[in-house]
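Dear colleague,

I am passing on the structure that we spoke about, and my notes on it follow below. Please read them with the model open beside you.

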Amino acid sequence: MNSSATPAAPTTPDTPTTSTATATADLIAGLLVDHFQVSTAAIRADAPMTDLLADSLMVVEMAIALKDRFGVVATEDELRELTFGEFAARVDQRRAG
């Protein structure tokens, strides 16, 4: 992954600002950019994941990619209901343990 293609990790009051959370947000953003061709400008903490993943197939593919690449289980409901910042925080919690 080219670091220039990955945006700075977005933060919100609900998103921890630790380096682990930043790394998780960067990993997810990189996956969105590299695998799903999402524009880096579209990846913001308040962006609904459904805006970033345009259709149901992309939602399923994202859940599979997270499991395969990072060993993290994400539900389709989470990918449909959460913002990028909320989703990144939830994935970070699961990666931590």
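Is Leu-31 buried or exposed? Leu-31 is buried, because its relative accessible area is 2%, where buried stands for under 20% relative accessible area, exposed for over 50% and partly exposed for what lies in between (1.4 Å probe, protein chains only). I come back to this residue below, after some words on the model as a whole.

This is a predicted model, in which local features need pLDDT of at least 70 and side-chain atom pairs count only at pLDDT 80 or more, while totals for chains, interfaces and linings use all residues. Residues are numbered from 1 along each chain as its sequence is written, and side-chain values use heavy atoms, with hydrogens and water left out.

Overall picture and confidence

The protein chain has 5 helices and 0 strands, where helices (H or I, at least four residues) and strands (E, at least two) are DSSP runs numbered from the N terminus. Of the 97 residues in the protein chain, 41% are buried, and the accessible surface comes to about 5200 Å², with 50% of it belonging to carbon and sulfur atoms; these areas come from the Shrake-Rupley method with a 1.4 Å probe, and for residues only the protein chains shown count as cover. Among contacts (heavy atoms within 4.5 Å) with a separation of 6 or more, 59% are between residues 24 or more positions apart.

The average pLDDT, which is the predictor's confidence in each residue from 0 to 100, is 84 for the protein chain, and 80% of the residues score at least 70. Among the elements, the mean is lowest for α1, at 90, and highest for α2, at 96. Over residues 1-17, however, pLDDT stays under 50, although the model has 32 contacts beyond four places in sequence for them. Where pLDDT is low, the predicted coordinates should not be read in detail.

The nonpolar core

A nonpolar core is taken here as a set of buried Ala, Val, Leu, Ile, Met, Phe, Trp, Tyr and Cys residues joined through side-chain atoms within 4.5 Å. The largest one has 27 residues, of which Ile-28, Leu-32, Leu-53, Met-62, Phe-84 and Phe-87 touch the most other members. At least two residues of this core come from each of α1 (19-36), α2 (49-52), α3 (56-70) and α5 (84-96), and α1 gives the most, with 7 residues.

Beyond the residues up to four places away in sequence, Ile-28 touches Met-62, Leu-66, Phe-84, Phe-87, Ala-88 and Val-91. Leu-31, which has its place in helix α1, is in contact with Phe-36, Met-62, Ala-65, Leu-66, Arg-69 and Phe-70 when its neighbours within four places in sequence are left aside.

Asp-92 is itself among the buried residues of α5, together with Phe-84, Gly-85, Phe-87, Ala-88, Ala-89 and Val-91. Helix α5 has 13 residues and reaches 18 Å from its first C-alpha to its last, close to the 18 Å expected at 1.5 Å a residue, the expected span being 1.5 Å times one less than the number of residues. Gly-97, with a positive phi near 145 degrees, follows α5.

Salt bridges

With a salt bridge defined as a side-chain nitrogen of Lys or Arg within 4 Å of a carboxyl oxygen of Asp or Glu, the count comes to 4. In one of them Asp-46 pairs with Arg-44, the closest N and O atoms being 3.0 Å apart, and Arg-44 is partly exposed at 41% relative accessible area. In another, the side chains of Glu-76 and Arg-80 meet at 3.3 Å, N to O; these two are separated by about one helical turn, because they are 4 residues apart in helix α4 (residues 76-81).

Glu-78 forms a salt bridge with Arg-90, with the closest N and O atoms 3.2 Å apart. Since Glu-78 lies in helix α4 and Arg-90 in helix α5, the pair ties together parts that are 12 residues apart in sequence. Glu-78 counts as buried at 7% relative accessibility, whereas Arg-90 is partly exposed at 33%. Glu-78, Arg-90 and Arg-94 are linked in a network of salt bridges.

With best wishes
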